Amino acid sequence: MDACGFHFDNSYVRELEGFFAPWQAATVPSPRLLKLNHPLATALGLDIAALETERGAAIFSGNALPEGAEPLAQAYAGHQFGHLSPQLGDGRALLLGEILAPDGKRWDLQLKGSGRTPFSRGGDGKAALGPVLREYLLGEAMHALGIPTTRALAAVSTGETIHRDMPQPGAILTRVAASHIRVGTFQFFALRDDRDKVRKLADYTLARHYPDAQHADNPYLALFQAVAERQAALLARWMLAGFIHGVMNTDNMSIAGETIDYGPCAFMDRYDPATVFSSIDSQGRYAYGNQPLIAQWNLTRFAETLVELVDTDSEAAIALLTEAINQFPRQYTTYWLEGMRAKLGLVTKEDQDQELAQQWLTTLEGNSVDLTRAFRSLSAVVLGNPAALRSQLDVPAAADPWLQRWQERLSREPMPATERATRMDQVNPVYIPRNHKVEEALQAATQQGDLEPFQRLLDVLAEPFNERPGLESYAQPAPESFGVYKTFCGT
């Protein structure tokens, strides 16, 4: 075990030769630790005091390797905005290895922004401070909201200047994930007709992420079904929170079912299914309302890589996989409706609940209402204060028809109002990463070297369901002066 507490056990290197390029991070001139994720470090069994030293900054910058690390750049392909790129790979990332936490769980430890690799495709392999802190913020916010996600362990500045649209301070993110296996990883080898490697990757994925599926009559079909189930649950959570990933390429779909690669992502303020923030998504392919459809499309690309494993008769395999793909809308709707019932304070099930939920969203859309604030105000309505919601509407009575129907539905459930309101407040957040607050924090860090707004926002987002005095500005949507928000990939 490394002196900092890293307990490496690198199964990807050991079992998947030919799936990566061994590589080393570029040396940076003056690494400085900006932020260490103490709760995550503790969960991983790491020594916080040892990491908050020059040694820690050297490790998180790639200037030094912890004992047991075997750095590599992973190979993968991907459909980007529907167009196939047969070779992508870790162009600016290095997998240091896999660490075993005290509870026995296995986690990938990866550097992002650590320099060129064989997969860089002409890029410099570096990262700027803004995108690094943005991923740190968004990942931790998603974790606090209960949404499966990769997480940031540390952020360091490098002492370099990174040239993008304008010079920016350089930085490196240390990311923790259940794994970095993607749909695009399978595509990379399937596109090369390397059947043995596809099978080897599938067997490895089964053992690492879906061991129960190994014992199914058709383990490779069971693998696909398990991945689809996790994606259905994940997409439902995204949609319930108003999260827009922004770049749902197949290389950004994790086989483990985590949210990965926080590039042009953002949270929606006013509810509108057509919302797009990404500056490069000019056609709205990855708009909020399209995300479940895109997830199914990506899963279809995954299924294509498994055909020869599922059955030697390709027609029979395609029929089985098609049947599984066609189950995705039902799976997604089941998870979404389960979450929506909780957000609406419903504890029993009735056939018309889905229609009731859809009518609520239609009401919000028709009145340009903030998604997060509107849901949170429903607990006040339960307690007899409809003004909390009505004040958000241009026409205060606009929601009354829906409110009447909803309250009639609640009347058929035997639960005290106070208990119902408490339950609702446990699933409807007060605080999300408001776009203007994120930008405020990033600008202070990158332009003034001031990390205080970043830390303050991080602290707010760590407890999204707990309303606290003095934090009212963090619960408000962006002012009109903020203008139309655009996000960028950060590469």
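**Close-up views of a predicted model**

View 1. Helix α5 covers residues 129-144, and its 16 residues, at 1.5 Å a residue, should span 22 Å, which agrees with the 23 Å between its end C-alpha atoms. The expected span is 1.5 Å times one less than the number of residues. Helices are DSSP runs of H or I with at least four residues, numbered from the N terminus. Of the 16 residues of α5, 13 are buried, so the helix is largely enclosed by the rest of the structure. Buried means under 20% relative accessible area, exposed means over 50%, and partly exposed lies in between (1.4 Å probe, protein chains only). Just after α5, G146 has a positive phi of about 85°.

This is a predicted model, in which local features need pLDDT of at least 70 and side-chain atom pairs count only at pLDDT 80 or more, while totals for chains, interfaces and linings use all residues. Residues are numbered from 1 along each chain as its sequence is written, and side-chain values use heavy atoms, with hydrogens and water left out.

**View 2. S473 and its contacts.** S473 lies in the segment after α18 (452-461). S473 is partly exposed, with a relative accessible area of 37%. Leaving aside neighbours within four places in sequence, S473 is in contact (heavy atoms within 4.5 Å) with H436 and K437. The side chains of S473 and K437 make a polar contact at 3.3 Å. A polar contact is a pair of N or O atoms within 3.5 Å; within protein, one must be able to donate a hydrogen and the other to accept it, and residues adjacent in sequence count only if both atoms are side-chain atoms.

**View 3. The second largest cavity.** A cavity is a set of points, on a 1 Å grid over the protein atoms alone, where a 1.4 Å probe fits but cannot get out; lining residues have an atom within 4 Å of a point. The second largest cavity holds about 60 Å³ of space. Grid points are joined across faces, edges and corners, and a volume is the space filled by probe spheres set on the points. The lining consists of L240, A241, K343, L371, T372, F375, P429 and I432. Helix α13 (371-382) and α8 each give two or more residues to this lining, and α13 gives the most, with three.

Definitions and conventions: On a 1 Å grid over the protein atoms alone, a cavity is a set of points where a 1.4 Å probe fits but cannot get out, and a pocket is an open set with protein on both sides within 12 Å along at least five of seven lines; lining residues have an atom within 4 Å of a point.
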